[in-house]
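Reader: I would like to go through a model feature by feature. Please show it, and we can begin with its surface.

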Amino acid sequence: MPAKLVEDGPWAGWKCWHARPEGRFVDHLGDVYYREADGEVVSAIETARRHANGLGFLHGGFLMAFVDVAMFATIRHMLETQAAVTLQSATDFLGPGHVGRVLEGRGHIVKETGKLVWVAGTLTQDEGTHLVAQWHGILRKVPRAAR
């Protein structure tokens, strides 16, 4: 899944993680963008009605799926030479996610060992002013299969 630098439009300067659909689950979420900012990795996705629950807010399942994406964006620099799998993920919902607003995941590495990486972060909207959730997880490094 090579990332592609976006050169124009509202996402100029960001990298698009899934620049071409590959038929995987994450393709159904939409285009995911990421960049480094102030020592953290910021991932972002535009939200739409298809991400909504019955009350018209962002669906919890969508938010948790995006948390998983944000965790991997946080360790993106490690994924060139190895892969990883999610061992544990926890999400605390702190406010409603609003459909039609960009959702941002900010993450950082808490600890790293030879085989494990602990990550933590938040999901926000409105350029970080509206807190939707906080999250943390553990990722297990695994050898990458030859491509």
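Predicted model: local features only at pLDDT ≥ 70, side-chain atom pairs only at ≥ 80, totals over all residues.

Reader: What does the radius of gyration of the chain say about a compact globule?

Author: A compact globule with 147 residues would have a radius of gyration near 15 Å; the chain has 15 Å, so the two agree. The C-alpha trace spans about 40 × 35 × 30 Å along its principal axes.

Reader: In what order do the elements run from the N terminus on?

Author: The order is β-β-β-β-α-β-β-β-β, that is, 1 helix and 8 strands.

Reader: What is the order of the strands in the sheet?

Author: In general, strands of a sheet pair through backbone hydrogen bonds, either parallel or antiparallel. Here the pairing is antiparallel, in an open sheet of 8 strands ordered β1-β2-β3-β4-β6-β7-β8-β5. Its edges are β1 (4–5) and β5 (83–93), each of which pairs on one side only. Inside the sheet, β7 (residues 116–125) and β8 (residues 130–142) are joined in the antiparallel sense over 10 bridges. Thr122 stands opposite Gln134 in β8.

Reader: Which strands does helix α1 touch?

Author: Helix α1 (residues 60–74) packs on the sheet and touches β3 (32–37), β4 (40–45), β5, β6 (103–112), β7 and β8. The direction of α1 makes about 135° with that of β5.

Reader: Which residues have the most contacts inside the largest nonpolar core?

Author: As a general idea, nonpolar side chains in soluble globular proteins tend to be buried together. In this model the largest nonpolar core has 30 residues, and Trp17, Ile75, Leu103 and Leu123 have the most contacts inside it. Two or more residues come from each of β3, β4, α1, β7 and β8; α1 gives the most, with 10 residues. Beyond its neighbours within four places in sequence, Leu123 is in contact with residues including Leu63, Phe66, Val67, Leu103 and Trp135. A second, separate core of 7 residues includes Trp11, Trp14, Cys16 and Tyr33.

Reader: Is Val26 buried or exposed?

Author: Val26 counts as buried because its relative accessibility is 14%, and the cut-off for buried is under 20%. Val26 lies in the loop between β2 (15–16) and β3.

Reader: What share of the contacts between residues at least 6 apart in sequence join residues at least 24 apart?

Author: The share is 56% in this chain.

Technical notes: Residues numbered from 1 in each chain as written. Heavy atoms only, no water. Pairing = 2+ DSSP bridges. Helix = DSSP H or I, 4+ residues; strand = E, 2+ residues; numbered from the N terminus. Contact = heavy atoms within 4.5 Å. Axes fitted to C-alpha atoms, helices over the stretch in contact; angles between N-to-C directions. Buried < 20%, exposed > 50% of the residue type's maximum accessible area, 1.4 Å probe, protein only. Core = buried A, V, L, I, M, F, W, Y, C linked by side-chain atoms within 4.5 Å. Rg over C-alpha atoms; globule rule 2.2 N^0.38 Å.
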